[in-house]
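Here are my notes on the model, in numbered points. Have the viewer open while you go through them.

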Amino acid sequence: MECPPLVAESDSMSSTIAHRQFMLSDEHQELQAVLSALCETQIAPYSAEVDKSQRLTHEAEKALTAAGSRRFTFPRHMAARAATLWPAAS
Amino acid sequence: MIEEVARVCASSSLIPICNKLGTTGLLLRGSSALKEQVLPSIAAGEAMASYALSEREAGSDAASMRTRAKRVGDDWVLNGSKCWISNGGVSTWYTVMAVTDPDKGARGISAFVVHKDDPGFVVGAKEHKMGIKGSPTTELYFEDCRIPGDRIIEAEGTGFKTALATLDHTRPTIGAQAVGIAQGALDAALAYVTERRQFGRAINEFQGVQFMLADMAMKIEAARLMVYAAAARAERGDEGMGFLSSASKCFASDIAMEVTTDAVQLFGGYGYTSDFPVERFMRDARITQIYEGTNQIQRMVMARALLKG
């Protein structure tokens with residue numbers, strides 16, 4: 001899946017542009033929750049050690065790639081080989 | 001995504017940041033053939049991308065760059081060096097700005113895509129930095145670096161415009177990184193002041209501490225809203241997004257520095273040690289005021305937009 005629009009388009013929202021600009025869509029909030037959990041469990045445990053040893057963030061790269069993060073900024077057909085584990089993609 | 005990753009590890013947030021920065025020019029202005037050549041491997045997670053604009057003597061004044069690219073037959077041959085390359089040596093693809101016509105100033109700069117295995121491409125030593133230590137920062141050297149002729153982005157002479165358009169899209173990502181770092185520091189501080197007891201009670205019961213926490217959260221929320229607004233504008237491709245892109249990066253990074261400094265203060269002596277994460281957040285926050293254009297440059301961009309009307 002491609003990254004959903006940042007600005008929610010739901011009719012149930014306020015129709016004012018100013019309001020809509022500052023709201024995340026339901027899909028984005030879902031992705032945010034998934035990412036937050038992924039970061040806590042798969043990236044945070046290594047952050048201090050990565051800083052101290054000045055080594056590459058292999059765990060983060062692996063976790064983010066496996067979670068399909070690379071699909072976000074690319075045209076759909078180019079991201080065909082990317083993983084997609086987002087619940088919203090199913 | 002960048003905000004959430006930076007909340008726990010700023011170094012790791014450089015992975016999506018660099019990939020975005022290294023591919024945005026190509027996505028905005030590259031030919032379909034070049035996109036097909038470069039982007040699928042990055043999208044699949046098999047390769048990463050970096051962005052090469054700055055030089056030792058051409059930082060904020062990027063248009064004064066000296067790296068040259070000359071046509072040789074069907075190919076381009078690059079000579080010169082670039083510095084401050086985030087994820088240098090890790091990335092496979094590099095978007096590189098080089099002078100193709102020195103008589104035309106900024107209009108004589110072109111953008112190219114260089115592969116790590118191109119002949120004459122050399123990665124320099126890693127910089128020793130204050131923060132974001134899990135993301136290597138290096139120089140790049142181009143020693144008669146020969147690349148195919150079709151690796152130019154858009155037409156000759158459009159590279160500086162591509163570089164600036166890229167930054168309009170990516171500066172909010174630095175704002176997002178700054179918001180994430182600040183939020184991580186606030187999270188840590190909230191946990192600490194709840195647990196830490198002095199004078200017979202948790203220090204979160206002291207009004208002075210409460211006021212600091214409230215100010216930190218208030219600033220983060222303001223920065224977050226500005227970053228989201230800037231990101232939405234960039235996504236829509238709005239005209240004149242330069243002001244808000246710069247403002248979001250500048251504001252959020254200044255807030256990140258204030259909030260992380262306050263977090264260290266709330267931890268007292270413990271905050272000054274590497275046993276707790278807040279000193280790392282503070283060191284990591286500092287770069288957000290500097291890279292992708294110092295905050296002084298951001299203010300110049302904003303002032304220019306204001307005066308232009």
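1. Let's start with a hairpin. In chain B, strand 2 (residues 68–72) and strand 3 (residues 75–86) run antiparallel and are joined by five bridges. Strands here are DSSP runs of E with at least two residues, helices are runs of H or I with at least four residues, and both are numbered from the N terminus; two strands pair if DSSP finds at least two bridges between them. B:Lys70 has B:Val77 of strand 3 as its bridge partner. Two residues sit between the strands of this hairpin, where B:Gly73 takes a positive phi near 65°.

2. Before going further, some housekeeping. This is a predicted model: local features need pLDDT of at least 70 and side-chain atom pairs count only at pLDDT 80 or more, while totals for chains, interfaces and linings use all residues. Residues are numbered from 1 along each chain as its sequence is written, with chains lettered from A and ligands numbered from 1 in the order in which they are written.

3. Back to the strands. Strand 3 of chain B also runs antiparallel to strand 7 (residues 137–147), with eight bridges between them.

4. What does chain B look like overall? Its secondary structure comes to eight helices and ten strands. The radius of gyration is 21 Å, close to the 19 Å that the globule rule gives for 309 residues, so chain B is as compact as a globular protein of that length. (The radius is taken over C-alpha atoms, and the rule is 2.2 Å times the number of residues to the power 0.38.) Along the principal axes, the C-alpha atoms fill a box of roughly 80 × 45 × 35 Å.

5. Next, burial and contacts. In chain B, 52% of the 309 residues count as buried. That label needs 20 or more other C-beta atoms within 10 Å of a residue's own; 12 or fewer makes it exposed, anything in between partly exposed, and the C-beta atoms are placed from the backbone. Among the contacts in chain B with a separation of 6 or more, 74% are between residues 24 or more positions apart. A contact is two such C-beta atoms within 7 Å.

6. Now the core. The largest nonpolar core has 103 residues, and B:Phe112, B:Ala182 and B:Ala263 touch the most other members. Helix 4 (residues 159–195) of chain B gives the most to this core, 15 residues. A core here is a set of buried Ala, Val, Leu, Ile, Met, Phe, Trp, Tyr and Cys residues joined through C-beta atoms within 7 Å. Leaving out residues up to four places away in sequence, B:Ala182 touches residues including B:Ile220, B:Ala223, B:Ile255 and B:Ala285.

7. Which elements cover the buried residues of helix 7 of chain B? They include helix 2 of chain A, along with helix 2 (10–29), helix 4 and helix 6 (242–267) of chain B. Nine of the eleven residues of helix 7 are buried, so this helix is largely enclosed by the rest of the structure. Among the buried ones are B:Glu279, B:Arg280 and B:Asp284.

8. On the interface, the contact takes 34 residues from chain A and 29 residues from chain B. Helix 2 (26–53) and helix 3 (58–66) of chain A each supply at least two residues of the side of chain A that touches chain B. The largest share of that side, eleven residues, comes from helix 2 of chain A.

9. Helix 5 (residues 207–236) of chain B passes a simple length check: its 30 residues should span 44 Å at 1.5 Å a residue, and the end C-alpha atoms are 43 Å apart, which agrees. (The expected span is 1.5 Å times one less than the number of residues.) Just after this helix, B:Gly237 takes a positive phi of about 70°.

10. Finally, two backbone angles to look at. Most residues other than glycine have a negative phi. B:Glu154 has a positive phi near 55°; this residue lies in the loop between strand 8 (152–153) and helix 4 of chain B, and is partly exposed, with 18 other C-beta atoms within 10 Å. B:Glu292 also has a positive phi near 55°. B:Glu292 lies in the loop between helix 7 (278–288) and helix 8 (295–308) of chain B, and with 26 C-beta neighbours inside 10 Å it counts as buried.
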